[in-house]
Amino acid sequence: KGEMMFSPGQVCNSMSFVCHGILDYWMWQESHPEKLERRSFFCEAVLWTPWIHQGRMYARTESTIIALDAHEFHEVAQSFSADMDLLRSYAEEFVRAMNELAGNFTEDEDDDTELSDLFFALQAVEMLPGNRSFEEGTSQLRHFKKPPRKLQT
């Protein structure tokens, strides 16, 4: 309780799942945290691309978290060669969605958005077979992002 799990700039090594408790995620200078409870997850990006934490995560209450180590995930996933095409397609779509949201496909900085450790790519999920069961389980989840930066005048 009250323990900081990570802060901006730290290298992320695992995706995490909240089994019990309440966590608060603070993105940059926001005045209110995003609350994560049971059945929430965060830092999926580390499974598909190198990831550096963008915000701060605190345990508001005593919590139980399951961490999926990205390196171990890659090792195990490679042993399932029949499913690698699906994983590769999902990863490509996930990273493409991240880059699109971050504004990496345009010159204009007005559409740039800071990505959050809570980011998940609904477009990638939609391409998965059986995604209906995932969507039903994520009715409380949102596509988290920081609003676009305001231009200095």
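This report describes the predicted model shown above, from its overall make-up to single residues.

## Model and confidence

Residues are numbered from 1 along each chain as its sequence is written, and side-chain values use heavy atoms, with hydrogens and water left out. In this predicted model, local features need pLDDT of at least 70 and side-chain atom pairs count only at pLDDT 80 or more, while totals for chains, interfaces and linings use all residues.

The average pLDDT of the protein is 79, and 74% of the residues score at least 70; pLDDT is the predictor's confidence in each residue, from 0 to 100. Over residues 133-153 pLDDT stays under 50. For that stretch the model has 35 contacts beyond four places in sequence, where contact means heavy atoms within 4.5 Å. Where pLDDT is low, the predicted coordinates should not be read in detail.

## Overall make-up

The protein has four helices and seven strands. Helices (H or I, at least four residues) and strands (E, at least two) are DSSP runs, numbered from the N terminus. Read from the N terminus, the order of elements is β-β-β-β-β-β-β-α-α-α-α.

Of the 153 residues, 37% count as buried. Buried means under 20% relative accessible area, exposed over 50%, and partly exposed in between (1.4 Å probe, protein chains only). The protein exposes about 9700 Å², of which carbon and sulfur atoms supply 50%; accessible areas come from the Shrake-Rupley method with a 1.4 Å probe, and for residues only the protein chains shown count as cover. Among contacts with a separation of 6 or more, 77% are between residues 24 or more positions apart.

## The four-stranded sheet

Four strands form an open sheet in the order S1-S6-S3-S4, with antiparallel pairing. Two strands pair if DSSP finds at least two bridges between them. S1 and strand S4 (34-36) are the edge strands, and each pairs on one side only. From one strand to the next, the twist averages 30°. Axes are lines fitted to C-alpha atoms, for helices over the stretch in contact, and angles run from 0 to 180 degrees between N-to-C directions.

S3 and S4 run antiparallel and are joined by three bridges. Leu23 stands opposite Leu36 in S4.

## The three-stranded sheet

A second open sheet has three strands in the order S5-S2-S7, and its pairing is antiparallel. Its edge strands are S5 and strand S7 (64-69), each pairing on one side only. Six bridges join S2 to S7, and His20 stands opposite Thr64 in S7. Two bridges join S2 to S5. Across from S5, Phe17 stands opposite Phe41, and Ser16 stands opposite Phe42. In a regular strand the side chains alternate between the two faces of the sheet.

Helix H1 lies across S2 and S7, running at about 55° to S7.

## The nonpolar core

In soluble globular proteins, nonpolar side chains tend to be buried together. A nonpolar core is a set of buried Ala, Val, Leu, Ile, Met, Phe, Trp, Tyr and Cys residues joined through side-chain atoms within 4.5 Å. The largest one here has 33 residues, and those with the most contacts inside it are Leu36, Phe42, Met57, Phe94 and Phe119. The elements that give two or more residues to this core are S2, strand S3 (23-27), strand S5 (41-42), strand S6 (55-59), helix H1 (70-78) and helix H2 (84-101). H2 gives the most, with six residues.

Leaving aside neighbours within four places in sequence, Phe42 is in contact with residues including Met5, Phe6, Met15, Leu23, Leu36 and Met57. Asp117 and Leu118 are also among the contacts of Phe42.

Tyr25 lies in strand S3. With a relative accessible area of 1%, Tyr25 is buried. Beyond four places in sequence, Tyr25 touches Phe6, Pro33, Leu36, Met57 and Leu118, among others. The C-alpha atoms of Tyr25 and Ala59 are separated by 8.9 Å, although the two residues are 34 residues apart along the chain.

Ser7 is found in the loop between strand S1 (4-6) and strand S2 (14-20). Ser7 counts as buried because its relative accessibility is 14%. Not counting residues up to four places away in sequence, Ser7 touches His53, Gly55 and Arg56.
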